Amino acid sequence: MKRKAAVAVVVALGAGLSWSALAQVKPEILIKQRQAVMTLQGKYFGPMGGMAQGKVPYNADVVRRNAGFLDNLSRMPWDGFDPSTKDVKDIKTAALPAIWSEPDKFRQAADRLQAETAKLYEASRGGDESAVKNQIAAVGKACGACHENFRQKQ
């Protein structure tokens, strides 16, 4: 019995050390990860934006799939905006200093995007094309609002 307890303690300590090591990711890696997520968001949102604008034929299956991916992706990039990343010079980034000087406003923008993508995912499962297109537009507005305040113009 004592041996099992000792093994459990060693495993717990090892897991704690692993989490500590993971929490100290290099700032350059955080930047690359958040940029990768943003690239994927564009990949999966683009076709839906085209559908909402009538430039691409509406495809409910693609919307459902992409909305699911986007719902997950919308929660991923935010830990990559750690303060340790704001002064990295080796990687080109469009992140504006306002991200760190106005963290509450940035968090609200992130929360809005997450909320709107969750609504899009739910709408995509309902089958109402008009409602889906309206929600695609709402996601686009959430993206644009964040870019307007927190991303350099490209």
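Select T85 to begin: its relative accessibility is 0%, so T85 counts as buried (buried is under 20% relative accessible area, with a 1.4 Å probe and protein chains only). The model is predicted, with local features needing pLDDT of at least 70 and side-chain atom pairs pLDDT 80 or more, while totals for chains, interfaces and linings use all residues. Residues are numbered from 1 along each chain as its sequence is written, and side-chain values use heavy atoms, leaving out hydrogens and water.

T85 sits in the loop between helix 3 and helix 4 (helices are DSSP runs of H or I, at least four residues, numbered from the N terminus). Show R34 next: its side chain and that of T85 make a polar contact of 3.0 Å (a pair of N or O atoms within 3.5 Å, one able to donate a hydrogen and the other to accept it; residues adjacent in sequence count only if both atoms are side-chain atoms).

Now select helix 2, residues 27–52. R34 is one of its buried residues, which also include L30, I31 and V37. Move along to F45, where helix 2 bends by about 35° (the angle between axes fitted to the seven residues ending there and the seven starting there). The proline P47 follows within four residues. After helix 2 comes G54, with a positive phi near 80°.

Finish at helix 3, residues 60–73. At its start, a side-chain oxygen of N59 comes to within 3.0 Å of the backbone nitrogen of D61. Buried residues in helix 3 include V63, N66 and L70.

Note on methods: Helices (H or I, at least four residues) and strands (E, at least two) are DSSP runs, numbered from the N terminus. The expected span of a helix is 1.5 Å times one less than its number of residues. Buried means under 20% relative accessible area, exposed over 50%, partly exposed in between (1.4 Å probe, protein chains only). Contact means heavy atoms within 4.5 Å.
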